[in-house]
Amino acid sequence: MPDTTEKTDLCSLTVPELEAYFASLGEPKYRAKQFFSAIARGERFSGITTFPLSLRARLEETAQYLVPEIAEKQVSALDGTTKYLMRMADGEEVESVLMLYEHGASLCVSSQVGCRMGCRFCASTIGGRIRDLLPSEIYGQVIAAGRDAGRRIDGIVMMGIGEPLDNLANVLRFLTLVSAPEGLNIGLRHISLSTCGLADRIEELKRADLPITLSISLHASTDERRSAVMPVNDRYPLDTLLSACRDYFAATGRRISFEYTLLRGENDSEEDARRLARLLRRYFPGSTPVHINLIRLNPVRERDYRSPDDAAAKAFCEALCRMGMNATLRRRLGPDINAACGQLRRSRIKETGSPHTTERTVTDYANIRND
Ligand code: SAH
C-alpha cells in the first residue's frame with residue numbers, strides 16, 4: 001500500500017469532507033469546491049490557480065496526490081480505442097481503456113492491482129492480487145484519461161483489472177467521487193460494474209441502492225463447468241449467485257446483464273445455449289429484461305483456452321435469440337491493440353521488469369492475434 005499514514009489522500013475525499021479539511025486549516029469552505037473541480041480537470045496541487053501560493057505549497061507538503069500517471073499508451077489506428085497503462089505513486093501499474101462510441105466515450109477502469117479470483121482464462125489474475133486501489137487511484141484513471149484525450153468521458157465500465165466487489169468500500173467511494181456534480185459529474189446510470197459473482201457483496205451493493213448497471217460474469221450454465229473455469233463458483237455456486245441477482249434486480253429495477261465469454265469446446269455448443277436460456281429463465285421468468293453479453297475469448301498466452309470462430313459465436317448468439325433471449329455478441333474494439341484485460345500489464349512485468357514511460361501508436365498490426 002502507498003504510505004498514507006502521514007500525508008492525507010486528498011483526492012479520495014468528497015466535497016463535504018474537503019470542507020472539514022480546509023476548515024481545519026483555517027481556510028474558507030469554498031476552497032473545497034475549488035479544489036475538487038481543479039483536481040477533476042487534471043490539475044496537480046501546484047496548478048490550482050484559485051489557491052494562494054502558500055496554500056498550494058502547504059498541500060504539497062502535507063497531502064498526497066494519488067492520481068496516476070500515464071506510463072504507456074496504445075492507440076488503435078483502426079477505431080481510436082486507447083489503452084492506457086496507468087502508474088500509481090508506488091510504481092504499481094494497471095490498465096484503463098478508452099472506447100469511443102457514437103453516443104460518447106466510455107472508460108474501462110481497474111479496481112485492484114492484480115486479482116485473486118483465479119478465473120482460468122483471464123490474464124489479470126495470473127500474479128494474484130498485489131493490493132486494492134484507493135478511491136483516488138480509481139477516480140484518477142478517469143481524470144488522467146479525460147485530460148489526455150481532451151474530452152469528456154460519458155460513461156464508465158468497471159471491467160478492468162481486479163474484482164470490484166473485492167474492494168467494495170473503495171469502489172463505493174469512487175462512485176461518489178466520479179458522479180459528484182462539482183467534478184466530472186458522470187451519472188451513475190452511465191456506470192456499469194462487472195463482478196465474477198461475490199453473492200454476499202451483491203447483497204451489500206443492493207443496500208447501497210445505486211442506479212448503476214450490474215453485470216455478472218457467468219461464463220457457464222452448470223456448477224461443474226463454472227467451477228472448472230471460475231474457482232469463485234465453489235464459494236458462491238449458481239443458485240446462490242442467481243438468487244442474489246434476482247433479489248438485487250427486484251430491489252433496484254435495473255436491467256439484468258450477464259457476460260458470457262465463449263470458450264471453444266467448453267461452453268459454446270447449441271446445448272450450452274439452450275441450458276443457459278433455461279437457467280436464466282428459471283430465475284428471471286417472463287418479461288424480466290435480461291441481457292446476455294457474449295464475449296469472444298481474447299486468448300491469453302499463458303492459458304490454453306481458445307475462442308470459437310466468428311461463425312460459431314454468431315450461431316451461439318442466434319440460438320439464444322431463437323429461445324427468446326436478448327443476446328448480443330460484443331463488437332471488437334481496437335482489434336490492433338487486442339491485448340486482453342491484464343495482458344499489457346503482464347507483458348510489461350515480463351519484458352521490462354521496471355516501469356518506464358513510452359507512447360506509441362500501433363500501426364504495424366504486429367500484435368493482432370488470429371483466433
Ligand atoms: N472481476 C470482474 C471484472 C473483470 S473483467 C469480473 O469478473 O466480472 C470483465 C469481463 O471480461 C469479465 O466477464 C471477465 O470474465 C472477462 N474476461 C477476462 N479475461 C478475458 C479474456 N481473456 N477474454 C474474454 N473475456 C475475458
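1. Of the 20 residues around the ligand, those that come nearest are Glu163, Ser194, Ser217, His219 and Asn298, where a residue is near a molecule if one of its heavy atoms lies within 4 Å of it. This is a predicted model, in which local features need pLDDT of at least 70 and side-chain atom pairs count only at pLDDT 80 or more, while totals for chains, interfaces and linings use all residues. Residues are numbered from 1 along each chain as its sequence is written, and side-chain values use heavy atoms, with hydrogens and water left out.

2. By class, the shell around the ligand comprises nine nonpolar, eight polar and three charged residues, with Ala, Val, Leu, Ile, Met, Phe, Trp, Tyr, Cys and Pro counted as nonpolar, Asp, Glu, Lys and Arg as charged, and the others, Gly among them, as polar.

3. Polar contacts here are pairs of N or O atoms within 3.5 Å. A polar side-chain atom of Glu163 lies 3.0 Å from a nitrogen atom of the ligand, and a polar backbone atom of Gly162 is 3.0 Å from a ligand nitrogen atom. On the oxygen side, a polar side-chain atom of Glu259 lies 3.1 Å from an oxygen atom of the ligand. The protein covers 93% of the 530 Å² of accessible area that the ligand has on its own, as computed by the Shrake-Rupley method with a 1.4 Å probe.

4. Two or more residues of the shell around the ligand come from each of strand 10 (191-195), strand 12 (256-262) and strand 13 (290-296), strands being DSSP runs of E with at least two residues, numbered from the N terminus.

Note on methods: Polar contact = N/O pair within 3.5 Å; in protein donor to acceptor, adjacent residues only side chain to side chain. Helix = DSSP H or I, 4+ residues; strand = E, 2+ residues; numbered from the N terminus.
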